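Please consult the sequence and structure below before reading on.

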There are 2 protein chains.
Amino acid sequence: MPLLDIVFGRPMASKEERAEKIGAAAGIPIFGLDALSSAAYGPEAALTLLIPLGAAGIAYIMPISISIVVLLTILYFSYRQTIAAYPSGGGSYTVARENLGAGAGILAAAALMIDYVLTAAVGISAGVGALVSAVPSLQPHTLEICLGILFVVTIINLRGVREAGVAFMIPTYLFIGCLFTLLGIGAVKALLAGGHPMPVESLPAMPAASAAVGVWLLMKVFSSGCAAMTGVEAVSNGVKAFREPTAPNAQKTLTVIIALLMLLLLGIAYLAAAYHIAATDPNKNYESVLSMLLRAVVGKGIFYYVSIGSILLVLSLSANTAFADFPRLCRILAIDSYLPHSLASTGRRLVYSQGIIGLAVLTGLLLFLFGGVTDRLIPLYAVGAFLAFTLSQAGMVMHWWRQGGHWRSMLINGFGAFATAVTTMVVLAAKFLEGAWVTVLLIPLILILMIRVRHHYDSVREETATEDPADFQQLQPPLVISPIGGWNKISQSALRFAFKLSHEVRAVYVDVESEEISSAFCRRWRELAEVPAKEAGLPPPELVILPSPYRWILTPILEYVLKVEKENPSRQVVVVLPELVEHHWYHYFLHNQRAEILKTWLLLRGSQRIILVSVPWYLKA
Amino acid sequence: MPLLDIVFGRPMASKEERAEKIGAAAGIPIFGLDALSSAAYGPEAALTLLIPLGAAGIAYIMPISISIVVLLTILYFSYRQTIAAYPSGGGSYTVARENLGAGAGILAAAALMIDYVLTAAVGISAGVGALVSAVPSLQPHTLEICLGILFVVTIINLRGVREAGVAFMIPTYLFIGCLFTLLGIGAVKALLAGGHPMPVESLPAMPAASAAVGVWLLMKVFSSGCAAMTGVEAVSNGVKAFREPTAPNAQKTLTVIIALLMLLLLGIAYLAAAYHIAATDPNKNYESVLSMLLRAVVGKGIFYYVSIGSILLVLSLSANTAFADFPRLCRILAIDSYLPHSLASTGRRLVYSQGIIGLAVLTGLLLFLFGGVTDRLIPLYAVGAFLAFTLSQAGMVMHWWRQGGHWRSMLINGFGAFATAVTTMVVLAAKFLEGAWVTVLLIPLILILMIRVRHHYDSVREETATEDPADFQQLQPPLVISPIGGWNKISQSALRFAFKLSHEVRAVYVDVESEEISSAFCRRWRELAEVPAKEAGLPPPELVILPSPYRWILTPILEYVLKVEKENPSRQVVVVLPELVEHHWYHYFLHNQRAEILKTWLLLRGSQRIILVSVPWYLKA
């Protein structure tokens, strides 16, 4: 079994594609890991910003969570409609482009691309960050562990989407199971205690209040909490991956993901308030909110460690959502010529290998630049996602408008567009200085790149496209030039082929050693080449001796070919190159690679009328 | 002025070669730096081994030096004869091969190659070692300084031999001037004081005797002192670089170099004995013998620092001898097909650039492996040189024997061969365990390599050589295959060229998307290609649709070409590849490089009957 097959799985035929489609149960881990795992850091990000309010701050977590859940509900109904309207995959790019024009489409695409890379980077770094908090001795190797996990995720995704589903199903369902068990026990205990349960273990003391509540602060809290919503786009973008009937299967998956996420967010908020749990300072005696919650409800037993383990695993694997969707987005952009065409071709395992590798490289770069630290990545996050949401919902409004009469649908998407537009502005304002400006700077750069790529493909198509039939009239034989280094079987076979092409053959010999040697060769030329040509009824091949005062071999040949091409403006010039092929790589160093170099030079400096012919000579030795 | 010209100098025409020849004055630094600079470490290496004898040891330095000078005299007369007999360059390789056979020749060559690399490495590391003893703060950067000097020496040599002469003339003559001034003042002072002069500054105390004198010890002392003689071969190897009359000029240079070296060795020995200077422990309060001598004779004034500076400079530049000779040796071996032929071609500045670069790489590797420490390199040294000397002198004996009647010359070279053979064995025995075994191991490996290279070239020549005239009878038109990806101007131009080659043209289309698309293309083919061909009186080109269940493009084409080649055992198969040429490097990523990959695959797996044709299409965009 070849190594490639062991690592990536055997290559798969195109007709196996249908079998690779997934159902709703497998869809939840694939498209929902990002959304669900964000329950582990979304509420915490909000609570962290409430620290300055002291004990009073906890009162605000429930209202903030409810407002996020409301926004999530709006998004849910909006995207349900998108899935139904675009069963072949209705990502923000497709919806915005079809309804608002190409400009809005690639704006959405650029925003999403940035967010996918950030999803992968933040997911992995948050998971590793949690791991190294639990096992501090691993701290110095944060970046290496991040890159190692990235590598594993990349390989799993290169094997194909079904394997990815199986590989991620177990940790996802373990995570969901643990968190709901925690929320169930906690809720029962809280209700039995009349809303004021006693924690099993003692918790850190409440922080002292150092600031009063204000609108700006609540805005920032809300913006941080919005990090929990970035994964919502995933399902609608990947509808094509679902089994028939695709749209209902995808909707079912979306429903389950959003419902689970809402329950997690509300449950965590309720228990945090009931058990009086505030976030701790990330820089001093840090403990995550979920860790405190687990200790408070069930104590530090086996269940605690299993839960923490599943959180670590799911967080670091949530990057997989990006790996499922980024390559699909790239593919659509490539088909529309906004990215290199090669991103559109399916690889040996029916996945878009190049997009996966591209994402892996960009994520690796981001992890490397930010040292694998989540804190530095978070402020760049969410802006792109909400910009794409807004464009997508606005596009859906146009969609219903054009279809006419769908007032209810238009209202739902219009409300979604309004809500996400406001959220985009709030998030941008609240996070601008902390890092959102990077996103604001990157989006136009990506736009320019995509427009230029598209422009290039357009002009190539314009240049080469034709519907005319071929013209085979007046095929004039070309003028043939064959560089030879001496008289041997290799040059003989090149000359023989040259005469098959045309009766006008010139052999070119570069004089590097001395005039005596070249004039001796000139004399031998008569009997070696001219006489046999005449005997075969062919015009004798001309021998051209090129002087080379600087002992260069290739430059005189190149210049001669270009000169001949210029002197014969209506003819094709064919350069026949004898090429020695070695059977062993180590023989490479024993023979000059002049044929290869000359071919490259001629391609770079030549013209459409210069044709290159390689006549190989295979060494038996 | 292009960057290459600034760094390496403008390219030089072949007819400028004569002007590049050197006279005797310029020859001394170029071919003598290695020999002369060894006066700075040869006597010291001998004295270091005399330390265990205490004050009594100093008495032996003069006899040892005299024995080295005697050996040097024998070598001098031997090599004078070699220069006269081989005016076109009589290195050990040439002399041994011509008179003792190819085996002896490459044995001498392998020994010399090792010694040249060691000369470069030891020269640089000794110079840097002295520098860092004087300025201890540079000690941690030993290796970096070594590699930096290696880089500068390499660049100077790539500029060409005359510039190298000028660059090294000043430091060499400064070094000679300083040392003779020192010896002169010292000798006068010693004679005036009746043989017992008082040192200007106090010297380290004499070591206590810890061993008695023995034959084995004196053998080791002699072996270490022989490091001073390794450079003697240089002149005879480089006779070709001298101005006319070459042989007398080279002899003059050899005479001056050997005379100066003898005077330096004897002078240093005499003054060391007169001033009671013993070597110091290299590991504890080390001071070099020349430094002590300078302090004793003239004190630590300006002259001291100038002299030490010139020693440092000359030592580290002595590597240049290797840079002058190693590439010349490689060139001769390449001409005889024992090394890759490309080593024989003169570069843009009329030097053998590839040999220079090869030496630089090997020396850099050696410096890197041994951390730039001289002490570890010294034991590997001298074995190779003396082995080559022996083979060369033995060869000269055969030379005179064949010429007949030159009894005096034969006696001189015979005595030289005997003396160097004995010395080789003494050095090998004395240094075997300390490092000479590495040389003993390397020589057969290099021999095997050279023999295999020669064997490869021989079989290639045998395979391709012919004196027969070309056969242009019965030129059968080839079968042409042209892969096309669709219908556009690029495939049109490829098909047009295909018909110029032969009337039997097959277009190959790979079906990766769906059967509908390919059957639609099949239908269009009639009007696009078949009809125009018929109109032009040509047989219609066949369209071959290749299925590709795994979406591969190239593999089906490759397999089809190989199949056609097998089915037509008597015909040539021409593959005409349309090739898109981008004008901007960044467009490279926008187009697949299938034509390039297919060409490489076909060359690797094809046969002599498969000819490759590139029909370029230049993008205006």
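## Packing of α4(B) against α17(B)

In this predicted model, the axes of α4(B) and helix α17 (residues 383–403) of chain B come within 11 Å and cross at roughly 55°. Axes are lines fitted to C-alpha atoms, for helices over the stretch in contact, with angles from 0 to 180 degrees between N-to-C directions; helices (H or I, at least four residues) and strands (E, at least two) are DSSP runs numbered from the N terminus. The two helices α4(B) and α17(B) are therefore oblique to each other, given that angles under 35 degrees count as roughly parallel, over 145 as roughly antiparallel, 65 to 115 as roughly perpendicular and the rest as oblique.

The crossing of α4(B) and α17(B) is left-handed, that is, the near helix is turned anticlockwise from the far one by less than a right angle. Contact (heavy atoms within 4.5 Å) involves residues of α4(B) including B:Leu71, B:Tyr79 and B:Ala85, and residues of α17(B) including B:Phe386, B:Met396 and B:Trp400. The contact residues divide into eight nonpolar, six polar and no charged. Here Ala, Val, Leu, Ile, Met, Phe, Trp, Tyr, Cys and Pro count as nonpolar, Asp, Glu, Lys and Arg as charged, and the others, Gly among them, as polar.

## Packing of α4(B) against α18(B)

Helix α4 (residues 61–85) of chain B also meets helix α18 (residues 407–464) of chain B, with axes that come within 9 Å and cross at roughly 130°. That angle makes α4(B) oblique to α18(B), and the crossing is left-handed. Among the residues in contact are B:Ile74 and B:Phe77 of α4(B) and B:Phe415, B:Gly416 and B:Thr423 of α18(B). This contact divides into seven nonpolar, seven polar and no charged residues.

An open sheet of ten strands has mixed pairing and the order β3(A)-β2(A)-β1(A)-β4(A)-β5(A)-β5(B)-β4(B)-β1(B)-β2(B)-β3(B); strands pair if DSSP finds at least two bridges between them. Its edge strands are β3 of chain A and β3 (542–547) of chain B, each pairing on one side only. The twist averages 25° from one strand to the next.

In chain A, strands β2 (residues 505–511) and β3 (residues 542–547) run parallel and are joined by six bridges, with A:Leu546 as the partner of A:Val510. In chain B, β2 (residues 505–511) and β3(B) also pair in the parallel sense over six bridges, and B:Val508 has B:Val544 as its partner.

## Conventions

Residues are numbered from 1 along each chain as its sequence is written, and chains are lettered from A and ligands numbered from 1 in the order in which they are written. Local features need pLDDT of at least 70, side-chain atom pairs count only at pLDDT 80 or more, and totals for chains, interfaces and linings use all residues, while side-chain values use heavy atoms, with hydrogens and water left out.
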